[in-house]
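Here is a short note to read alongside the model. Keep the structure open and find each residue as it comes up.

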Amino acid sequence: MPSGATPCGAPAGAPAQPTASATTAASPTRVLPVDRLAAQPATDAPLVVLALCAQWCGTCREFRPTLERLAEARRDVVFAWADVEDDAELVGDLDVENFPTLALFRAGVALHYGVSLPHESVVARLVETFAAAAPRAAPGLAAEIGALARRLSQPGGG
C-alpha cells in the first residue's frame, strides 16, 4: 500500500473494477464473510473487526491482504469483511460514505466505527487498544451501528 493511500469515497454509479483475489485455494482466508459472523461461538465474546468496503474501491482491495495478515497474527480477534452493496441485507441501514470503514464490537456492544486508512500499523494499534479494553459502547455512534453489532453478535443474527 503506498504511503499516501487515501480512503475511497462513494461515487454515485461508480463502475465496477476487477477484483484482485487476496487469497488462493492454497491459502485459506482468516477474514470471514459478514454472513458467517453469526457462526462464532457466543460464549467467547471475541473482539470483532468488521471491514465495510465496496468491490469497486481500489483502496479496499489493497486493504484486504493487510486485514488477512492482522487476522493471522491476532487469532483471538474475529476479522470479517462486508461489501456494503453485496451484503446490504446484513449490513442494514448504515450510511458508509468512505472506504474502508471499520466497525469494532464485542458481545453486541459497538466500540468503534470510522474510516480507517489501510496502514497495517495503525489498524493493528486500533485492534490492540480495543482488544485490551472492556466492552464499553462508544459515545455518539449512530443507532444503526449498535443495531448491527447486536444483530451480528447473536447466533443466527447474520
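Does Ala107 count as buried or exposed? Ala107 counts as exposed, at 53% relative accessibility. Here buried means under 20% relative accessible area, exposed means over 50%, and partly exposed lies in between (1.4 Å probe, protein chains only). The points below go through the rest.

1. **Ground rules.** This is a predicted model, in which local features need pLDDT of at least 70 and side-chain atom pairs count only at pLDDT 80 or more, while totals for chains, interfaces and linings use all residues. Residues are numbered from 1 along each chain as its sequence is written, and side-chain values use heavy atoms, with hydrogens and water left out.

2. **Overall layout.** The protein chain holds 4 helices and 7 strands. Both are DSSP runs, numbered from the N terminus: helices are H or I with at least four residues, strands are E with at least two. Starting at the N terminus, the order is β-β-β-α-β-α-β-β-β-α-α. The chain has 158 residues, and 40% of them count as buried. Now take the contacts with a separation of 6 or more: residues 24 or more positions apart account for 80% of these. Contact means heavy atoms within 4.5 Å.

3. **Helix H4.** This helix covers residues 143-153. Ile145, Gly146, Leu148, Ala149 and Leu152 are buried in H4. Seen down the axis of H4, these buried residues fall within an arc of 160°, so they line one face of the helix. The arc is taken from the directions from the helix axis to the C-beta atoms. What do the buried residues of H4 pack against? Their partners are strand S3 (47-53), helix H2 (88-91), strand S6 (101-106) and strand S7 (109-115).

4. **Helices H1 and H3.** Two packed helices are described by the angle between their axes and the distance between the axes. H1 spans residues 58-73 and H3 spans residues 120-132; their axes come within 10 Å and cross at roughly 45°. Axes are lines fitted to C-alpha atoms, for helices over the stretch in contact, and angles run from 0 to 180 degrees between N-to-C directions. H1 and H3 are therefore oblique to each other. Angles under 35 degrees count as roughly parallel, over 145 as roughly antiparallel, 65 to 115 as roughly perpendicular, and the rest as oblique. The crossing of H1 past H3 is right-handed, a term for the near helix being turned clockwise from the far one by less than a right angle (anticlockwise is left-handed).

5. **Who touches whom.** In the contact of H1 with H3, H1 supplies Phe63, Thr66, Arg69 and Leu70, and H3 supplies Glu120, Val123 and Ala124. By type, there are 4 nonpolar, 1 polar and 2 charged residues. Ala, Val, Leu, Ile, Met, Phe, Trp, Tyr, Cys and Pro count as nonpolar; Asp, Glu, Lys and Arg as charged; the others, Gly among them, as polar. Ala73 is also found in helix H1. Ala73 is exposed, with a relative accessible area of 64%. Its C-alpha atom is 9.6 Å from that of Ala124, 51 residues apart along the chain.

6. **Backbone points to check.** Most residues other than glycine have a negative phi, and most peptide bonds are trans. Ala107 has a positive phi of about 50°, although it is not a glycine. Ala107 sits in the loop between S6 and S7. Phe99 and Pro100 are joined by a cis peptide bond, with omega about -10°. Pro100 lies in the loop between strand S5 (98-99) and S6.

7. Asp87 is in the loop between strand S4 (77-83) and H2. Neighbours within four places in sequence aside, Asp87 is in contact with Val34, Trp81 and Ala82. Trp56 is found in the loop between S3 and H1. Trp56 is buried, with a relative accessible area of 12%.
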